[in-house]
Amino acid sequence: MGFWPDEVRGVPNAALRGALFSINQERELAKKRQKLATVDGYQIMFKGERFNQRDLDLWEMLLHIGRQQPYGKAIEFVGSALLKALGRTTGGEDYEDLKEDISRLMGGVVEITFTDTKVTFIGSLIHNDYREETTQRYAIVFDEKVRKLYDAGYTHVDWEQRRKLKGNNLAQWLHGFYATHAAPLRYKVETIRELCGSTTERLTDFRKALRVSLEKLKAVGAITSWSIEAKSDLVTVRRKGSVSQQRHLENKMAAETSAEFSSNATGTLSGFDSH
């Protein structure tokens with residue numbers, strides 16, 4: 001999967017740009033393949049018990065532990081150590097919850113189609129799992145095909161910021177979503193409600209929760225500012241991208257400027273007269 005420092009979690013963009021990991025506490029059961037909301041560029045189908053932000057915490061941690069291991073090789077850890085790393089307690093129920101959470105990630109069938117390449121990843125987010133009951137030592141295996149999700153693009157998610165947002169599922173979802181944007185696009189409040197998988201019926205209630213969550217993102221330093229335009233209901237978010245994201249923006253702007261200059265017959269840039 002590559003290497004990233006301890007301070008962040010490397011997560012495929014496809015998992016952060018839609019409702020694969022929703023904000024809902026209540027879990028729906030998709031008995032048939034269900035199409036999930038996502039941004040342009042992807043199509044996501046899902047069958048099984050739906051994932052939420054708790055599942056994303058666990059998956060991010062497991063990916064982090066195994067980031068330097070070859071695919072197909074077991075990633076070993078002790079249950080108590082993983083629970084502590086996730087900020088959970090280590091009582092009997094916590095161990096049982098961990099078993100359920102791992103089982104859920106193994107049981108859900110995910111289909112992610114990349115619309116530009118017409119290639120689809122189909123499988124479980126965890127390939128298999130071994131557990132010693134006496135020691136609660138685990139050995140998790142990721143399938144090699146997970147690499148395809150990383151090849152299509154992934155993002156470094158600030159783990160400390162995400163940890164500070166614990167307890168607010170919408171804020172955590174927004175944190176991951178906007179982390180994938182070098183320069184965040186403007187989305188309508190209703191669109192964000194769909195993308196995060198919210199079941200809040202009244203848009204007014206969701207907008208109120210969105211305002212609170214965006215302010216929390218600002219408080220932890222994930223974004224620098226936000227606003228919701230009253231007339232259009234468009235959400236504008238500004239953030240300082242990572243070094244690689246800023247480099248991407250600079251290269252994109254340079255390419256656009258070069259193309260604009262080359263296509264201008266008078267040798268001047270648009271917006272400037274030739275006098």
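Student: In this predicted model, which residue of β14 stands opposite K188?

Tutor: K188 has L234 of β14 opposite it.

Student: Why are β12 and β13 called edge strands?

Tutor: The open sheet has three strands in the order β12-β14-β13, with antiparallel pairing. Both β12 (187–188) and β13 (225–228) pair on one side only. Helix α8 lies across β13 and β14, at about 165° to β13.

Student: How is the packing of α6 and α8 described?

Tutor: Two packed helices are described by the angle between their axes and the distance between the axes. For α6 (residues 169–179) and α8 (residues 203–219), the axes come within 9 Å and cross at roughly 65°. The crossing is right-handed.

Student: Which residues of α6 and α8 meet?

Tutor: From α6, L170, A171, L174, H175 and Y178 meet F206, A209, L210, S213, L214 and L217 of α8. These contact residues comprise nine nonpolar, two polar and no charged.

Student: Why is D57 called buried?

Tutor: Buried means under 20% relative accessible area. D57 has 13% relative accessibility, and therefore counts as buried.

Student: Where is D57 found, and what is D57 in contact with beyond its neighbours within four places in sequence?

Tutor: D57 belongs to helix α1 (residues 53–65). With those neighbours left aside, D57 contacts L86, W159, R162 and Q172.

Terms used. Residues numbered from 1 in each chain as written. Predicted model: local features only at pLDDT ≥ 70, side-chain atom pairs only at ≥ 80, totals over all residues. Heavy atoms only, no water. Axes fitted to C-alpha atoms, helices over the stretch in contact; angles between N-to-C directions. Helix = DSSP H or I, 4+ residues; strand = E, 2+ residues; numbered from the N terminus. Left-handed = near helix turned anticlockwise from the far one by under 90°. Contact = heavy atoms within 4.5 Å. Nonpolar A, V, L, I, M, F, W, Y, C, P; charged D, E, K, R; others polar. Pairing = 2+ DSSP bridges. Buried < 20%, exposed > 50% of the residue type's maximum accessible area, 1.4 Å probe, protein only.
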